[in-house]
Amino acid sequence: MKKTLSIAILLLVGATSCKKEFLTEKPIAFLSSSNAFITYTDFTASVIDLYVLTRAEFYSGSEVRPFDYIYGTDLVFDGEPSSDRHTNMVAAYNPTGTIAGTHWTNLYKIVAESNTIISRLAGSSLTDAQKLLIEAQARFYRGLAYRTLVALYGGVPLSLEEVKTPKTDYVRASKADCLNQVITDLKFAVTNLPAITAVKDGEINNLAASHLLSEVYLAAGQFQLAVDAATAVISNPNVSLMRTRFGSRSSVTPGDVYWDLFQQKNQNRSGYNNREGIWVIQFETDVIGGGALSTTRDGSYMLERHHAPSVRDIFINTAGTSTNVPTFLWPNNDYSGGRGIGWAVSTKYFMTDIWQSDFTTDIRNANHNFVRDYVCNNPASDLYKKVISTNNPPKGLTVPSRAFYAYQSKATTPFDHPSNLIQDANTGLLKTTAGATYTDQYFFRLAETYLLRAEAYLGLNNQTAAAADINVVRGRANASPVAAANVTIDYILDERMRELGVEEKRRVTLGRLGLLNDRVRKCNPYYKDMLPTYNLWPIPAGEIERNKDAKLEQNPGY
């Protein structure tokens, strides 16, 4: 019996071992480059990643890097000297440094993913209509990335196909060729993206593409086409400047329509029907994928942390002498700036010089929009409830300095931080994890479209039309109209400061115009080592070294 059983077992083992498939794994499903781009859902997932990459590059990718777009410009200077920022320009813009390398990599990631999407459409199961929509979205983002690369670095390698194997023979295209490609991509996007009324909050649309196209036409010196693209946005009946108070905090005083534009939940068309936002980057607090968390700064847009002053460092009394009692409770849920630490200090030019003609009438300069008068909020201080002003600071308090300067309240959410961040509701004291800006962010806003068209009219030597567009924006702000004869590119750049301020990616604008050096020397004496070289960032040294089969030219001066 035992012998018979042994033979049976041997026969069974032998039979099964002869079948090779017995040990061959048969996956129920798998994802690889061969099947990742088939369905509309596949492509939509990749497009969503373009939104994520863009939000990270310009807003939330790290604590510091998104602010390279305002540091080293005429807007702000570094409150805390650091080699990781722009304090020493020779170090900051070293070809081996972090600044040039990080943005180059991030922007080319957007290009690469856009190229993959476009290249894979031919083998997909999408309908013709779906293909057009997906391609329009990908080409918009490719255009946005290349527009930014050109403004930062000048002419760069044009890569328009999916790269499947290592490539080490890139050469730089001319600035003109790069801009022509961006124009081609954006014209396709204008034609094939949905209307602004047909998309969800935060989605790109044909007006966003037209706005960006106007800017790129300006960079290319095609002024009439820039006018036409901007006019396509301005004349659209579905957008308009907001002129009366609206939104989640419209009953709060002091306040005005400009203040309302930057309060929580007010940026999108849904909810409060903001018709001024053209493309709004979404930051939903405590929502998976939303970017912002009420328990930490990480993953959020840290504009409050950078641009609001470090009032924790102020120790003065009524006599204007130093004391061991802090003047302010910090961080605090009021106009003292949340948990600001004064890294992006407003220049005197930004704080004072550009407002001289309408200092008390322009609503954009009202104290609730551009905070100059701070109310002492520490009951232990003998200055409690008294005003401390940047216009007439107490003895020993330097303005501007990291601790004290005028700043734009759009950087924070005064009296409206998430409840999870409030440590003491009676005093407004915030937790140390504060520091982010808990609002959606305008990438394109209609007021800027008017200023783009004004710049285009100026390029056509039509100062009258340029002044008319500027005065639409100034009229909403209750500012006096500018005379046509006074419209210059410097005036338009000043008006962009007044209207957009830290909302703008200022380095892109000044890089597009080739005026970074000129404006910094005029408006920002902090950067004493500014040179014409820094109008462009260097091509990262690592990219040049890896490109062994062709010469990738470095920018002059590096």
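Colleague: At roughly what angle do the axes of H12 and H14 cross?

Modeller: This is a predicted model, so local features need pLDDT of at least 70, side-chain atom pairs count only at pLDDT 80 or more, and totals for chains, interfaces and linings use all residues. Residues are numbered from 1 along each chain as its sequence is written, and side-chain values use heavy atoms, with hydrogens and water left out. Helices are DSSP runs (H or I, at least four residues) and strands likewise (E, at least two), numbered from the N terminus; axes are lines fitted to C-alpha atoms, for helices over the stretch in contact, with angles from 0 to 180 degrees between N-to-C directions. The axes of H12 (446-459) and H14 (489-499) come within 10 Å, and they cross at roughly 180°.

Colleague: So how are H12 and H14 oriented to each other?

Modeller: Angles under 35 degrees count as roughly parallel, over 145 as roughly antiparallel, 65 to 115 as roughly perpendicular and the rest as oblique. H12 and H14 are therefore roughly antiparallel.

Colleague: Is Arg-305 buried or exposed?

Modeller: Buried means under 20% relative accessible area, exposed over 50%, partly exposed in between (1.4 Å probe, protein chains only). Glu-63 is partly exposed at 29%. Arg-305, at 9%, counts as buried.
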